[in-house]
Structures are given as C-alpha cells and as structure tokens.
Amino acid sequence: MLTFTIRRLVLAVPTLLFISLAIFLLLELAPGDPMAQVPLTVPDEVKEKMREALGLGQPMHVRYVKWLVQFFWIEPQVLFDHLFNTTFAEGKLRVISWQTRSPVMDIVVQRMPQTIWVVGTAYIVGILIALPIGIYSAYRQYSVFDQAGTFVTMIGFSIPPFFTGPLLIVIFAVQLGWLPSVYNTLHVVDDWDSFRVQLRQMILPVMVLAMQTTAQISRYMRASMLDNLNQDYVRTARAKGLSEAVVVMVHVLRNSMIPVVTVIALGMPAIFGGAIITEVIFKVNGIGQLLITALFANDLPMVQTLTFIFAILIVFFNLIADVLYGLLDPRIRYD
Amino acid sequence: MTDMSNPAPGQKSRSQLQDVWGQFRKHKGAMLGGGFLAFITLAVLLGPYIWALDPQKIDIRNKDMRPIYTALFSSDAKVAWAHPFGTDQLGRDGLANMLAGGRASMAVGWAAMLLTLFIGTAIGVVAGFFRKLDGPLMRLTDLFLSLPILPLLLVAVTLFREPLRGSLGPEGGMFILIVAIIGITSWMPTARIVRGDVLALKEREFVLAARSIGTRNSNLITRHILPNVLSPIMVSATLGLATAIITESALSFLGVGFPSDFPTWGKMLADAVDRMENFPERVILPGMAISLTVLSVNYLGDGLRDALDPRIRGR
C-alpha cells in the first residue's frame, strides 16, 4: 500500500506540471493585451517599461519556469517563514497580482477561510442528509419513500445553483425575512449571539451547495446498498439471528460505504468549482468570487494561480480517493 | 437469441427495437421527459413563427407588465393578453424572449452535446480498438479529468471573447466559442465508457469472423463496433445535453456568455435577479425552463439506460 501511495504521489507531479503548462499556455495564447486598458496617450517607451514591470519582458518559457519556481519554491518558503519566524524568502520575488500589486498568495490566504467554511459545512451537511436517504430508500426499494427520494434527487440534479440561490433568497430573505441574503464576511464570532448570526447567514449558501451534494451522494449510497443487500453474507447474517438493525447498519452499511467514500472524496473539488456560482450569488468573498473579479480585471497572475489551486485540489482528492479505496477494500490492493 | 430466429408457435417475432421501445414505454418518467423535451424543442423551433413578436422590440409604454396569471391573486396587477408572460423594464415581450432564449440555450446544448459525443466516441473507439494508442489516450483522458473545468471555461471564454467577436460576429463567435469549449472539456466520461465497451466487443467472435473474411479496420469499426456501442453513447448523450445546457446558463449567469442583446435563459435569469423582489416571475420563468428541460433530459436518460440494458429489459 505504501509503495502504491508513493507511486501515485510521484505520478501526480507530471500531471500537475502538465496542467500548469496548459493553464499557462491558455493564458499566454489568449489574444488579450494586459496593456489594452492603458490610454493611447502613454508613449510606447513607457508602455514597454510597464510591460517589464509586470514581468512580461522575457520570452514565454522563461516566464513559465519563473512562475513555477515562485509557486513551488518561494511560496512554501514564505509559508515556512511565517510559521517558524525564519527569513528564507527575504527579498525573493513572489507571484504578484496586477490588480493590487501585493502577493497573490496573501490574498488567497485571506479569502480561503470563507470558502472553506461555507463549502466545508455544505459538504458535511449534504453528506449527513444524503446517507440516511440513500440507506433507507435502498432498504425499502420501490416504496413511496424511495420513489419520492428518487424524484427529489432528480430535481436536485436538475435545478442549477444559480436558480435555487435567487429562489431561496426570494422566499426566505425577501418574503419571509428569516435569513439574511448577503453573507457578511466581516462578522466576527466571539459569543453565543454572534455565533447564531453566523449560523443564520450560512444557512442559505450552505443549503444551495448541499442540495447538489445530497442528490449525487444519496444516489450512490442507494445503488451501493442495493448491490450489497442481496449478497449471500447478508442472508447468513440474518440466518444467524442477528437483528435487522445490526444486519443493515453494520454488515451491509460497512461494505456499501467503500465506493461511497471514494465518491465523497472525488466530489470535493467539484463542490469548490460549484462554489464559484454560489459565492457570486450570496456575495461571499471567497476564492471563487476572487477568480471572477480577477478575470474581469484581466489580472492574469491571480487567475493562473487560482486555476492552478483548483487543479491541485482535484489531483489531491483523486489521490486520496484512490488510496482510500485500496485501504478500505482489502480485495483491491494495487501492489 | 433463440426466440428471435425461432419464434414460439403463435407468437410473432419481435425485433430488438420493439423490445427497447416496449421497455422504454414502461418508464413513466422517461416518457414524460421525452414528451416535454420534444415539446420544448418544437416550441423554440416553431414558436417564433407563431408568436411573431420581435423579442428585441422596445415598447416603453407597456413596460413592467406582469404575466397573465398574476391577475388571479392581485386584481390591480398590470396584465394583458397581448403579453401573456409580461414584459421587462424596457417593454420587451416576455414570451418572445423566452422562445428566443430557449432557441439559443437548446442550440448550444445540442451542438455541444454532439461535439462531446463525437470527440468522446472517436477517442474511446480508437483507444479501445488500437492497443498501442490505448495507454497514451487514456492518460490524456485522465489529465483532462483533472482539469478544473468551470474555472478554465470562465478563463477561456473571457480571454477569447473579443477576438472571436471581431472575426465571426458577436453571436456567431460566442456560439462557436461556448460550444467548442464545452465540447473540449466534457468528452472524458463518454470516451471512458466507449473504450470499456469496445475492449470487450473486440474479443467477441463476430469481430473475429469479420476480420477473418478480410474486413478492413475502418469497416470493422463503422459496421460492427459502432452499432454495438450505440446504447452507452445514447445514454451519455442525454447527460451531455443536460450538462451543456446548465454550463451555458451558468456562463451567462456569471456574465461571460452571449452579448447583452441576445437573450438566453441563463442570461434572462441573471439580468432579472436584481429586480427579483418586485418581479419574481422574470427569474422563475427562465429558471423553470432550464430546470424542467434538464429534469426531462435526465429522466429520458434514466429510461434509455433501462430500456437499452438487456439485463433489465424484459423483467
């Protein structure tokens, strides 16, 4: 298992390199000019200087390697310095945003907690709702509950978040006035009341995100439970005289969780992607919203870094899913 | 197989297509979904000829009309049969806009789905059929699967928008860009499924028989392999249509879709969000249109999967 994990880790490096190259080339070949917004009255020499100041002076491959070094070598050093008060990264050039002229990673670190709070809570809530639905609808296959569950998950699949978001805002924030429609990121949680305010403002974005997760995971849970419920070992367990609760919740559930756990791991990056829309709707200033604003402002270093962070998330969770699958299911050992 | 060549006495032989149709008809959701999809497609195709109002015509006197059903619960609402879905803040007709927007959304959906299928099937068949290309092509598929799709879509659309608009016109350029990008970023599941099926088919006797009478590879693929992988392709086609419609609407919603005077469902929804409190129908109508279309496509796919799977069929 360890060799397999190490092999997968080593394989992830060329994947990430390829993705970073693809993102870099996409941005590079895009026929837009970062200097397009500069007034025509600015003389050409000055424009050339500005171009160099943005780091656009050198040829393409030099800039690519420079970005790689900055991202994989200097930024970790900055993090290390920050954690242990050392000075490795002193005076080294970091990835600089064109919008704010400050290091990209600093802004990302500021924005990350909001996204993780909302996305993480949504994912956990979604899983907690999905698992019981999946288990029960498999146990009572073709019952009214199962049919209703199938219908509701189909709806969850089909209604896009940019429709549920405004819809929930109209119902719960405007008509009923129960919940705020805008997520206030400046809100500080320090006592019980402020915690309740935080909880209230999180409900809507979390529900919108959780809807998608719930639909997907409960389908998988149901299918996986159905696969296992008819197996011989289930009949054996019943014949031994075990109670129904033990048979379903211990014997069947443990075996059917194996594929579901990997699906949960694989779905994690997708929900970060889906969070882009949710963040725009509820005005959460997380990394999704950061990506959108950076795109409209033509802030290429920021866009490049953020897209690459999304890619890292995907590769990382794919790896986790693969390793988990091997760990949980002794029949599947890759080495 | 035997009952097909040798029907029992007094029983008519049934073709495979009849069997599939028989199973498909049993799935109520799929029948409803298929019906609704046909209805929407016909409506957006023929609707603009029947409801011949120009969706872009500005009629400021009749602005901010409510849809006809609001008269049921509020008697002083501004409604008229001339505008059954109401009008927007510039007096443009709601129904005409819905039809025009649906045309754009469905066109993008169908075109992107066909492109996805084409790329996916081609790569899947080639990877499954030629052993030498299997490794590289599947690694490529894995790489594409680890790309962050939505961020990349956003990046590509914003960056390539201006030049394509210049060369192909604002609508045509955007259409080609969106279709191409959705196609390039969503062929991977189809390719994987098709490859798996082709790998299994390749070892079957009929392929060996065809090869032994000297069938060339190209004929082998088009005559023997492709017809047999049609069912997984059709199922992934429905999934592709649903994702393409949602992706296009999401792009329009985030403001990187079609130009502002060109309605699509996603764009109408996005434009109406600001005035949602007073005119909820402007969000709900396009939103319902997107959701119902996608829902019906998903149900259609569910039914197709059941109908085309011989293990489930006939049960």
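What follows is a chat about a predicted model of two chains, A and B.

Student: How confident is the predictor in the complex, in ipTM and pTM?

Tutor: The complex gets an ipTM of 0.78 and a pTM of 0.82 from the predictor.

Student: And what is the mean pLDDT of chain A?

Tutor: For chain A the mean is 80, with 93% of its residues at 70 or more. Confidence in chain A is lowest in helix 2 (residues 44–53), at a mean of 72. Helix 8 (residues 232–239) of chain A has the highest, at 89.

Student: What about chain B?

Tutor: Chain B has a mean pLDDT of 80, and 89% of its residues reach 70 or more. Among its elements, helix 1 (residues 2–5) of chain B has the lowest mean, 48, while helix 9 (residues 205–212) of chain B has the highest, 89.

Student: How many helices and strands are in chain B?

Tutor: Chain B has 13 helices and 0 strands.

Student: How much of chain B is buried?

Tutor: Of its 315 residues, 43% count as buried. Of the contacts in chain B with a separation of 6 or more, 71% are between residues 24 or more positions apart.

Student: Is Gly109(B) buried or exposed, and why?

Tutor: Gly109(B) counts as buried because it has 26 C-beta neighbours inside 10 Å, and the cut-off is 20 or more. Setting aside neighbours within four places in sequence, Gly109(B) is in contact with Leu241(B), Ala244(B), Ile245(B) and Glu248(B).

Student: How well is helix 10 of chain B covered?

Tutor: Hardly: the count of buried residues among its 12 residues is 1. As for its length, helix 10 (residues 217–228) of chain B should span 16 Å at 1.5 Å a residue, and its end C-alpha atoms are 15 Å apart, so the two values agree.

Student: Where is the kink in helix 9 of chain A?

Tutor: The kink is centred on Leu253(A) and is about 45°.

Student: What comes just after helix 9 of chain A?

Tutor: Lys283(A), which takes a positive phi of about 55° there. Lys283(A) sits in the loop between helix 9 and helix 10 of chain A. Most residues other than glycine have a negative phi. Lys283(A) counts as partly exposed because it has 13 C-beta neighbours inside 10 Å.

Student: Switching to the contact between the chains, how many residues does each give?

Tutor: Chain A gives 35 residues and chain B gives 34 residues. On the side of chain A that touches chain B, the elements giving two or more residues include helix 1 (2–29), helix 9 (244–282) and helix 10 (287–296) of chain A. The largest share of that side, 8 residues, comes from helix 11 of chain A.

Student: What is that side of chain A like by class?

Tutor: The side of chain A that touches chain B has 29 nonpolar, 6 polar and no charged residues.

Student: Which residues does Leu295(A) touch?

Tutor: Not counting residues up to four places away in sequence, Leu295(A) touches Val303(A), Leu154(B), Val155(B) and Thr158(B). Leu295(A) is in helix 10 of chain A, and it counts as buried because it has 23 C-beta neighbours inside 10 Å.

Student: Which residues touch the most other members in the largest nonpolar core?

Tutor: Leu291(A), Ile178(B), Leu254(B) and Leu269(B), out of 112 residues. Leaving aside neighbours within four places in sequence, Leu291(A) is in contact with Ile276(A), Val303(A), Leu306(A) and Pro151(B). A second, separate core has 11 residues, including Ile135(A) and Ile264(A).

Student: How far is Arg219(A) from Ile135(A)?

Tutor: They are 84 residues apart in sequence and 9.7 Å apart in space, C-alpha to C-alpha. Arg219(A) is in helix 7 (residues 192–229) of chain A, and it counts as buried because it has 21 C-beta neighbours inside 10 Å.

Technical notes:
Residues are numbered from 1 along each chain as its sequence is written. Chains are lettered from A and ligands numbered from 1 in the order in which they are written. This is a predicted model: local features need pLDDT of at least 70, side-chain atom pairs count only at pLDDT 80 or more; totals for chains, interfaces and linings use all residues. Helices (H or I, at least four residues) and strands (E, at least two) are DSSP runs, numbered from the N terminus. The expected span of a helix is 1.5 Å times one less than its number of residues. Two residues are in contact if their C-beta atoms, placed from the backbone, lie within 7 Å. Ala, Val, Leu, Ile, Met, Phe, Trp, Tyr, Cys and Pro count as nonpolar, Asp, Glu, Lys and Arg as charged, and the others, Gly among them, as polar. A nonpolar core is a set of buried Ala, Val, Leu, Ile, Met, Phe, Trp, Tyr and Cys residues joined through C-beta atoms within 7 Å. The bend at a residue is the angle between axes fitted to the seven residues ending there and the seven starting there. pLDDT is the predictor's confidence in each residue, from 0 to 100.
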